[in-house]
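This briefing concerns the structure shown below. Please keep the sequence and the model in view while reading the points that follow.

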Amino acid sequence: MNIRFILFVFFLSLSAASCERAGRILSPGKTSSIPSREQMEENGRQFLNSAREAMKREDFATARELIKRMRKECRNALNAREDGIILLDSVELAEARKELERTDSLIRTSGKKDPALESHFDELCQRIKFYNRKLEHDRKNKKKH
């Protein structure tokens with residue numbers, strides 16, 4: 001047999017096998033294992049609702065992680081991803097505000113000037129300004145997909 005023909009058949013079978021694993025070649029009566037965009041949007045909304053609950057508990061790390069997982073697992077949930085950007089801005093802003101309160105309390109109770117604390121305080125003020133502007137920008141430029 002011709003070596004080209006053998007290579008052609010080999011690569012054809014390889015690509016067919018990979019398509020079957022990905023759920024793209026379906027037998028009659030079977031449904032795709034790839035979730036639809038609507039299903040991804042629903043899953044994305046569930047992730048975001050859980051992230052909002054974590055944010056209410058001031059569990060900012062969990063909220064961030066849930067948003068990250070949503071972005072990874074729901075790649076085609078474009079509306080949920082847009083909402084995730086805004087929610088992540090809100091998480092960052094809330095965490096910076098909470099840290100600013102703690103830092104301000106430390107400065108007031110220490111009774112002496114601490115350049116490191118004052119520098120951290122200024123940094124947090126800048127971070128809050130940044131996330132306020134970013135949040136406003138992201139809300140204004142949010143698209144519906």
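Lys142 counts as partly exposed, because its relative accessibility of 40% falls between the limits of under 20% for buried and over 50% for exposed. The model in which this residue is seen is a predicted one. Lys142 belongs to the segment after α5, the helix of residues 115-140.

**Surroundings of Lys142**

- Leaving aside neighbours within four places in sequence, Lys142 is in contact with Glu82, Asp83 and Ile86.
- Lys142 and Glu82 are separated by 60 residues in sequence, while their C-alpha atoms are 6.6 Å apart in space.
- With Asp83, Lys142 forms a polar contact between the two side chains, at 2.4 Å.

**The chain as a whole**

- The protein chain contains five helices and zero strands.
- Its pattern along the sequence is accordingly written α-α-α-α-α.
- Of the 145 residues in the protein chain, 24% are buried.
- When contacts between residues at least 6 apart in sequence are considered, 66% of them join residues at least 24 apart.
- The accessible surface of the protein chain is about 10,600 Å², and carbon and sulfur atoms account for 54% of that surface.

- Helix α4 covers residues 78-110 and has 33 residues.
- From its first C-alpha to its last, α4 reaches 48 Å, which is close to the 48 Å expected at 1.5 Å a residue.
- Asp89 is located in helix α4.
- Is Asp89 buried or exposed? Asp89 is buried, because its relative accessible area is 3%, and the limit for buried is under 20%.
- Apart from neighbours within four places in sequence, the residues in contact with Asp89 are Tyr131, Lys134, Leu135 and Asp138.

**Packing of α2 against α4**

- Helix α2 consists of residues 37-56, and its axis lies 9 Å from that of α4, at an angle of about 10°.
- The two helices, α2 and α4, are therefore roughly parallel, since angles under 35 degrees count as such.
- On the α2 side, the residues making this contact include Arg37, Glu41, Gly44, Arg45 and Leu48.
- On the α4 side, they include Leu78, Asn79, Ala80, Asp83 and Gly84.

**Packing of α2 against α3**

- Helix α3 is formed by residues 60-73, and its axis comes within 7 Å of the axis of α2.
- How are α2 and α3 oriented, roughly parallel or roughly antiparallel? The axes cross at roughly 170°, so α2 and α3 are roughly antiparallel to each other, the cut-off being over 145 degrees.
- Among the α2 residues that meet α3 are Gly44, Phe47, Leu48, Ser50 and Ala51.
- Among their partners in α3 are Phe60, Thr62, Ala63, Leu66 and Ile67.
- Gly44 and Leu48 of α2 are listed in the contact with α4 and also in the contact with α3.

**The loop between α2 and α3**

- Glu58 lies in the loop that links α2 to α3.
- The phi angle of Glu58 is near 60°, a positive value in a residue other than glycine.
- Glu58 is partly exposed, because its relative accessible area is 42%, a value between the limits of 20% and 50%.

Conventions. Residues numbered from 1 in each chain as written. Predicted model: local features only at pLDDT ≥ 70, side-chain atom pairs only at ≥ 80, totals over all residues. Heavy atoms only, no water. Helix = DSSP H or I, 4+ residues; strand = E, 2+ residues; numbered from the N terminus. Buried < 20%, exposed > 50% of the residue type's maximum accessible area, 1.4 Å probe, protein only. Contact = heavy atoms within 4.5 Å. Areas by Shrake-Rupley, 256 points an atom, 1.4 Å probe, with all protein chains shown as cover. Expected span 1.5 Å × (residues − 1). Polar contact = N/O pair within 3.5 Å; in protein donor to acceptor, adjacent residues only side chain to side chain. Axes fitted to C-alpha atoms, helices over the stretch in contact; angles between N-to-C directions. Parallel < 35°, antiparallel > 145°, perpendicular 65-115°, else oblique.
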